[in-house]
Structures are given as C-alpha cells and as structure tokens.
Amino acid sequence: MDDYYMREGSHLRLFDKMGAHVITHEGVNGVHFAVWAPNARRVSVVGDFNEWDGRRHVMRLRGDTGIWEIFIPDIGIGRPYKYEIIGSDNQRLPLKADPFAFQSELRPATASITADPFHHVWADHEHRKYWRETDARRQPISIYEVHAGSWQQHEDGRFLSWDELGDRLIPYVVDLGFTHIEFLPISEYPYDPSWGYQTTGLYAPTARFGDPEGFARFVDGAHQAGIGVILDWVPAHFPTDEHGLARFDGTALYEHADPRMGMHPDWNTAIYNFGRREVLAYLVNNALFWAEKYHLDGLRVDAVASMLYLDYSRKDGEWIPNDQGGRENLDAVHFLQEMNKDLYGTHPGVMTIAEESTSWPMVTRPVHEGGLGFGFKWNMGFMHDTLQYLAREPLFRKHHHDEITFGLMYAFAENFVLPLSHDEVVHGKGTLLQKMSGDDWQKFATLRAYYGFMWGYPGKKLLFMGQEFAQRNEWNEARSLDWHLLNQPAHESMHKLVKDLNQMYRSHAALHARDCEGEGFSWLVVDDAENSVFAWLRSSPGESPVAVVSNMTPVPRHDYQLPLPMDGIWREIMNTDSSDYGGSGLGNGGQVTAWSGESQGWPAHVSMTLPPLSTILLEFAGH
C-alpha cells in the first residue's frame, strides 16, 4: 500500500517511511534507509560505519516507485551518513545528504545523522485544544518575529541553545504580551547570511541550536506558557549546493529541467517542480511533519508570489506560458491548495500564512470556493504605504492622505496580518526608528503613534525583534540585538508602550474579534487631510466600541471635534504621547464626555485634545 500511495502521490506519512529510521528487524537492531532516486544506476549508503565506501552497503531498488532501500544492522543513533549515487551515465555524483534527514551535522559539515526517535513527552494538550476549537480570525494574534541566531548571543558570539532560548526568549515574549513567536527558517541550511531561506534539509531543525529534541522542548515550553510557535517555511526554491537536492540522481528530479521554469533569477536557486507528484508529496508531507512531530502552530509560507507567476522577475522570452497561455503557475496553485487542504484537514489548530505581495485573488478563501486555502496573508500594502507616509515631512503629509486611507479599501478582502518584518530593517533600509521623519524626538513620537495606529488598525500584528525597543542599528544576522538600549529612557519607554499595546489589544474584543470582517470597522474622520488626522471605530457584537484617533503632525489639536456613535463617557485606554512613554504628556485627563448632536453623520460628538504625533484610543464607558 505504501508503494501504491507513493506512486499516486497521495501518501501523507512519507516521513514514517523515507529517510533513516532506527528499527528492530527480525530481532536485530539497526537502521532502515530509504531514498527516492528513480534515474540512478546504483545508490549506496555511506558513512563512518563503512569507511564511506559505496561498495559496502548497496541499496535495492523498488522499481515501481523509484525508491531505494536497505536495512543496515548494528548501527544506531548519531551516525553521520550520505548517499553515494551513480547516475544513469555511470558517473558518480557528489555525495548527497538525505532529503528526509531528521538531523544534520553542524555547518560547514553537511552529512545527515541517524536520529533518535522522539522521546519527548508533550505537556501542551490545553494549548493545542484551545486553538483547535477556536476561530483564529476572531482571536488576538500578535506575533514576535525572531531570528534565533541573533536575538541574543553568548559574549563570545556563540549561539544560544534551544534550552537557553527557552529560558530567555519565552519569558520575554510572555512579559511583552505577544501571543506567538515566528522564527525565520530553522530547517537546516548551509549559509548563515541566507537567514535560513536557502534550506537544504527541510525535515531537520538546524544543528546550530542543538538537537531536534531541544527544539521540541522549546515548542512545548512556549505552549505551556501560552505562546504559539510559527515557522517560516520555504517551499518555493532550494539552493544548488552539491550535497543538496539539485540534480539529485543526476537528473532534474526535484527541480524543473528547463531553467525558464527551474531556476530563480533573483536568488540563483532551483525551483521545485510542483507538477511532479512525488515532489508535491515531499513538500506537503513536510508541512504535515512540522505540525505533527513538533506541534507547530503555523507555517508562514515564504515567497508565495514567486511561486504563483511563471514570469516572476523574468523578462519576455525568459518564461514559458501555461497550457492556457497565461502567466499563472497552475502547478504551484494546485500544490498550495493541496498543502492547505491536507494541513487544515489533519491539524485544524494550525494556521498557514502567505507572504504574497500581489493582488492574487482569494489567497485566504477556502479551496472549495476556488481560493488558495491559506488562513492569513501578509498585508504588504499596509506596510509599504504607511512607512512611505511616515517617512515624509509632516508638513507634506496632507498631500498624501490617501496613502493611509487607501488601505481600508481592501483591508477585508483577505484575512490579513500587518507585518513590520525583518525585510524592512536590512539591506540599507534602516530600522523603523530611522525611517520616521524629523529629529530624534519626532522619530520616537512618530514611531509610538505608528504602533498605536497599527494596533488599532484591523488585522493581526507582527513585529520583528528589536523594533519593540526601537533598535537604532540595522539588523545584522551575525550579531546580537543592541540590548543595552533598554537602559536608555526613550528605548525603555518604547518597550513599555509595545507591552501595553499588546495588553490592550488582547483585553478589548473590539480591537481583535472583527480583525478580518468589515462589520467591525467604521470611519469617523476620513477626509481631514489638512490636519493629517485619522479616526475610526472598532467594534464587536456585545462589546464596548473603541475609537482610534491619530494626529500625524507635530502640532497639537485643541478642541478637535470628533464624531462618535453615542454620547456619554469615553475612557482613554491609550495615549502614545503619555509621559509614561516619553511623550509630552498632553491629553484629556483620562476620559472625555461626548454629547448628543449630529456630527458628520454620527449621533454624538466630543471636543478633545489631540497631542502632537500621537494615537489615542477611547473606549465607551457608559452614560
């Protein structure tokens, strides 16, 4: 039956069969190896147990599937190995790591390692049960994006282990009020400056931070602390390192043979052949593997746009149209739909998040409705437009008012995550603080106002590490964040603001329960370009509504007339200009009183003070 399902491409437990598994066979302990190499003339397992001699352990071919297998007795866990492959042209290929390796050597070594079967006893039942039984779209989701190698390091530059990260990172994230940690890719990769986005071992947690069991302990610890763990996942492309998947059996096996389909011009990497059922099954199984074996809460799928378009980053003549003559990669669409169907079908508590930077329709609609089936999509337009707006001199923002208002035209077309990610703080782009216009005081005030604006804006939240305390230096994967900045009042105050914003977001259903539905959003002030003021209402059935008001100029607005949906007391639950956060301390004494009387189509209004470069949030507290 394994052969049948493998041939069909529908086997959903390949990771139980492929790769290296420590087993007992006919009373003998050893390791069973299995690898797909249908065009090879000979495949052998080589390692320190046979002097790396390919004549010693030649595998047998299961002809129907192209899978080679062997049982080698009297070897156990922790043994490095590779596959020696003789191609159909009788040429010996460079030794290949196992595509299904569950553990790898620490770079620069590249061998696979026979891994110990999991002994971890999970204690995260309550966490997983909660997310299985809830609608993630209606939950507060605030994501702390982390590069595990540079969040913190030892003084000598060594990486923290998973256990050390568990002791430091998990309490830090809990204290800040984030709901999830999202790791840049941690599946095995050879080149540190790729940040993990050029992976050679999709099934192996990188050896940089310890063994696979350590990663399992980290995830379990996070879950017991109420924190979800999301993994950046890269099924779009793979590097051409000779020990990896490229021309694995001497032919274009995992990739397209034609470079117009099989090579990525931006990254000089190989593109998976999504139309080949074995390749599709390899990738789908990998998504299921992380959810099952490591209890991951989600996969953020990298570079989805590059998968969807055959002409992505290509000039005319450099790409091949699909069967209908179009630019859509129909095989990639089918793969993404199958991956989402199988993952949500078998692990309903897991979410998938697409990094998709175009206007491809229905990314987060169910597959049976014609969508791609993702749970969420990064809102790249929000990130681009708001950062562009806030980089402008405040005097000129009134001429670009629509850079803020336009985003609400499509804010509910998908289930969005608002990403202020690692991509925005590298390659000379500067940090978020540096992007803000003005002198240092204005930069801090604008960034505080921006965070308040974003936490009040519809959509889930994502913030890259270091931005919670306004890192000044651009991120560098080779060194730790500048933690000494927390000793400086302006940075410590920003840290406190992010903590309070997360607490506010999580404790007020009006700010999260309708993040993905237009019924929870109404404009209060949309056209005050002259003053660069924006105001809207967030609401949820049965909950007190919250008004969000942003003044994006350094000019305080006294006696500002704000329309509201009801008269009575409105309590100030956030003022980013508060002296607690390093602001000027201007405000409204903690609350305002709205009076009956029609104003801009609303039945009540209030006269209030808008501090300079600030966002204020008001919750209705009663009559």
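Which residues of β22 lie on one side and which on the other, and are they buried or exposed? In this predicted model, Val533, Ala535 and Leu537 on one side of β22 and Phe534, Trp536 and Arg538 on the other are all buried, where buried means under 20% relative accessible area, exposed over 50% and partly exposed in between, with a 1.4 Å probe and protein chains only. Because the model is predicted, local features need pLDDT of at least 70 and side-chain atom pairs count only at pLDDT 80 or more, whereas totals for chains, interfaces and linings use all residues. Residues are numbered from 1 along each chain as its sequence is written, and side-chain values use heavy atoms, with hydrogens and water left out.

- Strand β22 covers residues 533-538, and six of its six residues are buried; helices (H or I, at least four residues) and strands (E, at least two) are DSSP runs, numbered from the N terminus.
- In a regular strand the side chains alternate between the two faces of the sheet.
- Strand β21 (residues 521-528) runs antiparallel to β22 and is joined to it by five bridges, two strands being paired if DSSP finds at least two bridges between them.
- Within this pairing, Val525 has Ala535 as its bridge partner, and in the hairpin of β21 and β22, which has four residues between the strands, Ser532 takes a positive phi near 55°.
- Strand β23 (residues 546-551) is also antiparallel to β22, with six bridges between them, and Phe534 stands opposite Ser550 in β23.

**Aromatic pairs**

- The whole structure contains 54 aromatic pairs, counted when ring centres of Phe, Tyr and Trp (its six-membered ring) lie within 6.5 Å, with planes under 30 degrees apart called stacked, over 60 edge-to-face and the rest tilted.
- Among them, Trp162 and Phe209 are edge-to-face, at 5.2 Å centre to centre and 70° between the planes.
- Trp162 lies in helix α3 (residues 162-176) and Phe209 in the loop between β11 (201-205) and α4 (212-224), so this pair ties together parts that are 47 residues apart in sequence; both Trp162 and Phe209 are buried.
- Phe412 and Phe521 form a tilted pair, at 6.3 Å centre to centre and 50° between the planes.
- Because Phe412 lies in the loop between α10 (402-405) and β19 (416-420) and Phe521 in strand β21, the pair links parts that are 109 residues apart in sequence; Phe412 is partly exposed at 24% relative accessible area, whereas Phe521 is buried at 11%.

- Arg208 meets Asp192 in a salt bridge (2.6 Å, N to O), the term requiring a side-chain nitrogen of Lys or Arg within 4 Å of a carboxyl oxygen of Asp or Glu.
- The charged end of Arg208 also sits over the ring of Tyr189, 3.7 Å from its centre, which requires NZ of Lys or CZ of Arg within 6 Å of the ring centre and within 35 degrees of the ring normal.
- Arg208 is buried, with a relative accessible area of 7%, while Asp192 is partly exposed at 24%.
- Arg300 meets Asp232 in a salt bridge (3.2 Å, N to O), and since Asp232 lies in strand β12 (residues 228-233) and Arg300 in strand β16 (residues 298-301), the pair ties together parts that are 68 residues apart in sequence.
- Asp232 is buried at 1% relative accessible area and Arg300 at 0%, and the charged end of Arg300 sits over the ring of Trp378, 4.1 Å from its centre.
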